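Colleague: Before we discuss this model, may I see the sequence and the coordinates together?

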Amino acid sequence: MNGAEQSLLSHLDAPIVVGDPDGNAVYINPAFQDRFGAGRLGSPLAELFEGGAREGVLRAMVSVCDQGQTTRFRVREGEVGFSAVASPITAAGEQVGVVILFKEEVEGLERIMAIQREMRGPMEEIGGALETLFEETGGRRNPHHRVLVEDAQRGFKRLCKWIDEMDALVSGGKAAASQAFDPAPALREIVRRASRISDARGTGVELLIPSTLPEIDGDEGRFVEISLRLVEARLEAEPSPERMTVSARVIGSGEETALLVALSEHGPGCERAVFHDEPISLEAVASLGAEVWALAQDGIGRTTVLRFPLA
């Protein structure tokens, strides 16, 4: 490192240490000295730390040196936790060192992680109980109860997925990438779950979709929850629609092929602007990765259209 680079790093309040290709410390900024001690230049980076922190730095060094990729990890120094990022330093296409930056964690993160670990036991108990209930409601017995258990199992799987994503994020890793899914079963679930409101309101809800649809990218659970909130908000409005249709079809060809999902409403009150009086925003619907259009017209009703690119 040249003098100008060292001077810039010395002004940062975040602890930084730089190592050479052999893993020895060649630079330590003042913030690092304040929080981890002075250390000795030329000594192995791992020797600048104690206990579990040393082990974490060693693992990060191996990952960076072997794969040449940025690695995230966590360490503790006394009562303070740090999130760390170890990145390779390259010049002329060759790896010439590694830089590690430490950021002091928000107070309470350790407790959050402990709560996550404690949640695993109860989650396993819930999963086991749902499996037992599902088996006991099999066959032709208790069809209504079986549907309720299936709903609970789907919700349980989504909860497990979100817990895993939270665990990855607070541990400094990356959440699992969203996977493609067939929206047809999700749309059928949305209409079925909305039936408890539509039946009570006397609103006819019709589903017009083929048995299968092309896959779209995203989180299926989030797709169901946001779309269901949109449908239920319209069913609970005053006055509620007399009829509602949820439909889906494929349009376009080649790279322009897309999936259109439409929510059409008919009856008094349907001339108001879409999203104007609902507890769900246009931004929430658009967060599904879809382009959104809406049209309201007196005497005709209103329609909300979501356009999804295919996976």
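**Aromatic cluster and open sheet**

Modeller: In this predicted model, one aromatic cluster is formed by Phe32, Phe36, Phe49, Phe82 and Phe102.

Colleague: What is the class of the aromatic pair formed by Phe36 and Phe82?

Modeller: The ring centres of Phe36 and Phe82 are 5.0 Å apart, with 45 degrees between the planes. Planes under 30 degrees apart would count as stacked and those over 60 as edge-to-face, so the remaining class applies. The pair of Phe36 and Phe82 is therefore tilted.

Colleague: Is Phe102 buried or exposed?

Modeller: Phe102 lies in strand S5 (residues 94–104) and pairs with Phe36 of helix H2, so parts 66 residues apart in sequence are tied together. The relative accessible area of Phe102 is 0%. Because the limit for burial is under 20%, Phe102 is buried.

Colleague: Which strands are the edge strands of the open sheet of five strands?

Modeller: The order of the sheet is S6-S7-S8-S10-S9, with mixed pairing. An edge strand pairs on one side only, and this holds for strand S6 (204–208) and strand S9 (291–297). The edge strands are thus S6 and S9.

Colleague: What angle does the direction of helix H6 make with that of S6?

Modeller: Helix H6 (residues 183–201) packs on the sheet and touches S6, strand S7 (243–251) and S8. Helix H7 (residues 220–235) lies across S6, S7, S8 and S10, at about 20 degrees to S8. For H6 relative to S6, the angle is about 175 degrees.

Terms used:
Residues are numbered from 1 along each chain as its sequence is written. This is a predicted model: local features need pLDDT of at least 70, side-chain atom pairs count only at pLDDT 80 or more; totals for chains, interfaces and linings use all residues. Side-chain values use heavy atoms; hydrogens and water are left out. Two strands pair if DSSP finds at least two bridges between them. Helices (H or I, at least four residues) and strands (E, at least two) are DSSP runs, numbered from the N terminus. Contact means heavy atoms within 4.5 Å. Axes are lines fitted to C-alpha atoms, for helices over the stretch in contact, and angles run from 0 to 180 degrees between N-to-C directions. Rings of Phe, Tyr and Trp (its six-membered ring) pair if their centres lie within 6.5 Å; planes under 30 degrees apart count as stacked, over 60 as edge-to-face and the rest as tilted. Buried means under 20% relative accessible area, exposed over 50%, partly exposed in between (1.4 Å probe, protein chains only).
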